[in-house]
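This briefing sets out selected features of the structure shown below. The points are grouped by topic for a reader working from the coordinates.

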Amino acid sequence: MQPSGYEPEAGGGLDATFAALADPTRRAILARLAAGEASVLELAEPFDVTQPAISKHLKVLERAGLVSRGRDAQRRPRRLEAQPLAEASQWLEDYRRHWEANFRRLDAVLETMKSADKKRARPKRQGARR
Amino acid sequence: MTNAAALQIATPSDVEVVMTRVFDAPRRLVWQAWTSPEHVSQWMLGPEGWSMPVCEIDLRPGGSWHFVWRKANGAEMEMRGTYREVAPPERLVSTEKWGPEWPETVNTLTLAELDGRTTLTQTILYPSKQARDAALKTGMADGAATSMDRLEKRLHTLTPR
């Protein structure tokens, strides 16, 4: 536990994270940066969009605190900031856990219903089926 | 647990959350388990420690539903809504609201059966992106019972990774 390591003002909050993640190009940029830092030029290369368009996406990602700039003045490499992403997925995880618990219980309820169904069917054709 | 039974959760747009899960039962039974109070009160309990003393379902278009959950320490929460479309055993559209300060969502359940197994898809449509993100933040029932203050505290205890 490192409560002091969390700075609420550092990024744009969860809303900004989700907004930034809503765009497929931005998700692709993040996926690329997950493999290591890259310059704007390198980031624009695989995409069928202009460099200014990539810069615009990067601005959104930077505002959300998902991407930061490296020190190299020439390349200005962008790098992935993992913390806001981890938070966003943490909330999705909570949501998932809630429903996974529900659905595991639903599995059990369905099993009971299935055996009740079989019992009802049995007296009619005992031994003929199943 | 097999991979096929894994719960998928997606956010295909700014205002939606979509859950998909496969059940090893025909959809007739899944429909029954999802729409009859005797079954719902057994499984729709969220995190450990909650029971569901009130589970009222008036299953017809325009009919209302009302769920109340209770924890051993006395904490309670409730949720209500109205059915818009009722098409057994494949489609159910309903509204859902936690309370006056919460946004109303429109939930669409579809059940598709293949070889005796049922794929359940629940689409939750929020009135706005902010509403959806807020709901995701509170982690549904667990968080709805938790005040925003307690949520903030929890945020601070999250181990940064």
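Helix α4 of chain A spans residues 51–63, and its 13 residues reach 18 Å from the first C-alpha to the last, close to the 18 Å expected at 1.5 Å a residue. The model is predicted, and within chain A confidence is highest in α4(A), at 91. The points below begin with this helix and then turn to other parts of both chains.

**Helix α4 of chain A**

- The buried residues in α4(A) are Ile54(A), His57(A), Leu58(A) and Leu61(A).
- These buried residues fall within an arc of 105 degrees when seen down the axis of α4(A), so they line one face of the helix.
- Pro52(A), Lys56(A), Lys59(A) and Arg63(A) are exposed on the other side of α4(A).
- Gly65(A) follows α4(A) and has a positive phi, near 75 degrees.

**Helix α2 of chain A**

- Helix α2 of chain A covers residues 24–34, and its buried residues are Thr25(A), Arg26(A), Ile29(A), Leu30(A) and Leu33(A).
- Seen down the axis of α2(A), the buried residues fall within an arc of 140 degrees, so they line one face of the helix.
- Exposed on the other side of α2(A) are Pro24(A), Ala31(A) and Ala34(A).

**Chain A as a whole**

- Chain A contains five helices and two strands, and from the N terminus on its elements run α-α-α-α-β-β-α.
- Of the 130 residues in chain A, 36% are buried.
- Among contacts in chain A with a separation of 6 or more, 50% are between residues 24 or more positions apart.

**Confidence in chain A**

- The average pLDDT of chain A is 77, and 78% of the residues score at least 70.
- Confidence in chain A is lowest in helix α1 (residues 13–21), at a mean of 73.
- Over residues 1–11 of chain A, pLDDT stays under 50, and the model has 13 contacts beyond four places in sequence for this stretch.

**Nonpolar cores**

- In soluble globular proteins, nonpolar side chains tend to be buried together.
- The largest nonpolar core has 41 residues, of which Phe103(A), Leu110(A), Trp34(B), Trp43(B), Phe67(B) and Trp69(B) touch the most other members.
- Helix α5 of chain A (residues 82–121) gives the most to this core, with seven residues.
- Leaving aside neighbours within four places in sequence, Phe103(A) is in contact with Leu7(B), Met19(B), Arg21(B), Phe23(B), Trp34(B), Trp43(B) and Leu120(B).
- A second, separate core of 16 residues includes Ile29(A), Ala44(A), Phe47(A) and Ala64(A).

**Thr35(B)**

- Thr35(B) is found in helix α1 of chain B, which covers residues 27–35.
- The relative accessibility of Thr35(B) is 8%, under the 20% limit, and therefore this residue counts as buried.
- The side chain of Thr35(B) reaches the backbone oxygen of Trp31(B) at 2.7 Å.
- Not counting residues up to four places away in sequence, Thr35(B) touches Val40(B), Ile57(B), Leu59(B) and Leu92(B).

**His39(B)**

- His39(B) has its place in helix α2 of chain B, residues 37–43.
- With a relative accessible area of 11%, His39(B) is buried.
- His39(B) touches Val109(A), Met113(A), Gln32(B) and Ala33(B), residues up to four places away in sequence not being counted.
- Between His39(B) and Cys55(B) there are 9.7 Å in space, C-alpha to C-alpha, while the two are 16 residues apart in sequence.

**Backbone features in loops of chain B**

- Pro88(B) and Pro89(B) are joined by a cis peptide bond, with omega about -5 degrees.
- Pro89(B) lies in the loop between β5 (76–87) and β6 (91–96) of chain B.
- Asp115(B) is not a glycine, although its phi is positive, at about 50 degrees.
- The loop between β7 (105–114) and β8 (117–125) of chain B is the place of Asp115(B).
- Asp115(B) is exposed, with a relative accessible area of 74%.

Key. Residues are numbered from 1 along each chain as its sequence is written. Chains are lettered from A and ligands numbered from 1 in the order in which they are written. This is a predicted model: local features need pLDDT of at least 70, side-chain atom pairs count only at pLDDT 80 or more; totals for chains, interfaces and linings use all residues. Side-chain values use heavy atoms; hydrogens and water are left out. Helices (H or I, at least four residues) and strands (E, at least two) are DSSP runs, numbered from the N terminus. The expected span of a helix is 1.5 Å times one less than its number of residues. Buried means under 20% relative accessible area, exposed over 50%, partly exposed in between (1.4 Å probe, protein chains only). The arc is that of the directions from the helix axis to the C-beta atoms. A polar contact is a pair of N or O atoms within 3.5 Å; within protein, one must be able to donate a hydrogen and the other to accept it, and residues adjacent in sequence count only if both atoms are side-chain atoms. Contact means heavy atoms within 4.5 Å. pLDDT is the predictor's confidence in each residue, from 0 to 100. A nonpolar core is a set of buried Ala, Val, Leu, Ile, Met, Phe, Trp, Tyr and Cys residues joined through side-chain atoms within 4.5 Å.
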